Structure formats: C-alpha cells, structure tokens
Amino acid sequence: MSATRAEICVVACAEAWRGDGEILAAAMGTCSILGARLARSTFAPDLLTTDGGALLTAAAVPLGAPAGPVEGWLPFRDHLWLVQNGRRHVMMGASQIDRYGNTNISVIGDWQRPKSQLLGMRGAPGNTICNPVSYWIPRQSPRVFVERVDLVSGVGYDRAAGLGAEAARFHGLRKVITNLGVFDFGGPDGAMRLASVHPGVGVEDVVAATGFELVIDATTPRTRPPDGEELRLIREVLDPRALRDREVRQ
C-alpha cells in the first residue's frame, strides 16, 4: 500500500518523539496528534498521551473519540510542574519561523500597527525555554519560513544562547516537520538544516518554499514511509475518518 503525503507527515511527526521515554507528548494539529498517538502505539510505549484535556490515556484513541481507559489525571498544577521541569515534549505550530527556530504566533507586521492579529503569545515563550519543542507546519512557504520573524513568541537557538546556561537549561528545539520535509537544527550555531525530503518532493521544492538560506548536506535522504502496521493503525484505528487529509493534501 502506498502512503499519502499526510500519512508520511504523521510518521515524521511520530519520529520526533522517538527515544523520549516517559515524557508527556503535547501535540497541536491533526497530524502531530496522530503522530504522538502512533508513536505511543508502536515504538514509544512509555510516552504519556492525553485525550486533549486532563486525562492521561491508557492507550492511544482515535481522533475525536472518548478517552476510554485512562491511566491518570493531570490537573493543571501538575501539568505546569512538567512544563517547568522539562518533562514535556510539545509540538507546536508557527505562523512564522526563522533559521534559528524563533517563531511567531502573535502578529503579522509592526507590533504597534499589525496587519493581522494572531493567537498572541500563549504558552510559546515558556514552552520553548522549559521544554523540548518541535514544530508541525502543514503548509511551508516563504511567508512562513522567513528571514526574520515579525515578533518572537517562541525562542530560537540564537536568543537562547544569550540567556545563559541556567535560564535556557531545558531549551532544545528538536524537529520541524512540514508538508515538504523534515528539518533539524544541526547547522552552525543551531541553524536549521534540511534533514529529509518527503517522497515526491525535491530539494529544489523545499528551497523555493523557504525565505532564508537552509543548511543542506551533500545528500538529503527521503523521509521514511509508514510500514504496513503503521498504515493500518493510522487508517483503521487512529484516524478512520481520514481527517489527516484535510490538513495535508497530496
């Protein structure tokens, strides 16, 4: 069975949590939520997943379904303890992101007279300073991958370096997954690097959709496709209504 682009993205999101152990997966967006639940169902059984609220699920559940059996309750005070102590790996979205992983979810344009009002800061500053963070961006373009974000909501590697070791001891940007490829921050001084391109995507397609100079190695691998069991779990268990295809189209 061949996988759709959305299913490739789900697996790429799941891989962001590989090796995390017993840590809370906090995901935002259809494919990232599916990725966390797929990781929990396959190679990361110790990963903690939620129903989207305060219940820790005993097993991964389909999108939109009740939690079913639960293994714990996570009141807000306990959630904040996990945040403050680096025990959560969150996968957020971003309206803008730059080469060092600074992100903007607040405003487009000048702060005093913005062109667009977005979500606001929300938890982005605390998330990026206190937790491992990855990003899921369903539609990569030069308007999103920008040379300089209009306002810093989430802290990138260049700004974290200026805060000092104590303030940024839990800061760590892991992956950026988009509809085109997977990126990490393995370039000089934490610059964004192209880690893989999805099947059917060329490196030139990624470059054309990026508003800054990416670090690109001599050879760029393909993002791994889901295996048969992963496809079965995605299609039959986790997302039987194929909501993933509304977020990412082939």
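This is a predicted model: local features need pLDDT of at least 70, side-chain atom pairs count only at pLDDT 80 or more; totals for chains, interfaces and linings use all residues.
**View 1. Asp-20 has two partners.** Asp-20 sits in the loop between α1 (5–15) and β1 (24–27). One partner is His-89, whose side chain makes a polar contact of 2.7 Å with that of Asp-20. The other is Arg-174, joined to Asp-20 by a salt bridge (3.0 Å, N to O). That pair ties together distant parts of the chain, 154 residues apart, with Arg-174 in strand β10 (residues 172–178). Is Asp-20 buried or exposed? Asp-20 counts as buried, because its relative accessible area is 16%, and the cut-off for buried is under 20%. Arg-174, at 34%, is partly exposed.

**View 2. Arg-193 meets Asp-217.** Here's another salt bridge between side chains, at 4.0 Å, N to O. Arg-193 belongs to strand β12 (residues 193–197), while Asp-217 is in the loop between α6 (203–208) and α7 (228–238), 24 residues apart. Arg-193 is partly exposed at 25% relative accessibility, and Asp-217 is partly exposed too, at 38%.

**View 3. Asp-239 and Arg-244 belong to a network.** The side chains of these two form a salt bridge of 2.9 Å, N to O. Shared partners then link Glu-7, Arg-235, Asp-239 and Arg-244 into one salt-bridge network. If you're counting, the whole structure has 12 salt bridges.

View 4. Arg-139, Arg-241, Arg-246 and Arg-249 gather here in a patch of positive charge. One of them, Arg-139, lies in the loop between β9 (132–137) and α5 (157–163). Arg-139 is exposed, at 57% relative accessible area.

Methods:
Residues are numbered from 1 along each chain as its sequence is written. Side-chain values use heavy atoms; hydrogens and water are left out. Patches are made of residues with over 30% relative accessible area and no salt bridge: like charges are joined within 9 Å, nonpolar side chains (Val, Leu, Ile, Met, Phe, Trp, Tyr) within 5 Å. Accessible areas come from the Shrake-Rupley method with a 1.4 Å probe; for residues, only the protein chains shown count as cover. Lys and Arg count as positive and Asp and Glu as negative; His and the chain ends are not counted. The place of a charge is taken as NZ of Lys, CZ of Arg, CG of Asp or CD of Glu. Helices (H or I, at least four residues) and strands (E, at least two) are DSSP runs, numbered from the N terminus. Buried means under 20% relative accessible area, exposed over 50%, partly exposed in between (1.4 Å probe, protein chains only). A polar contact is a pair of N or O atoms within 3.5 Å; within protein, one must be able to donate a hydrogen and the other to accept it, and residues adjacent in sequence count only if both atoms are side-chain atoms.
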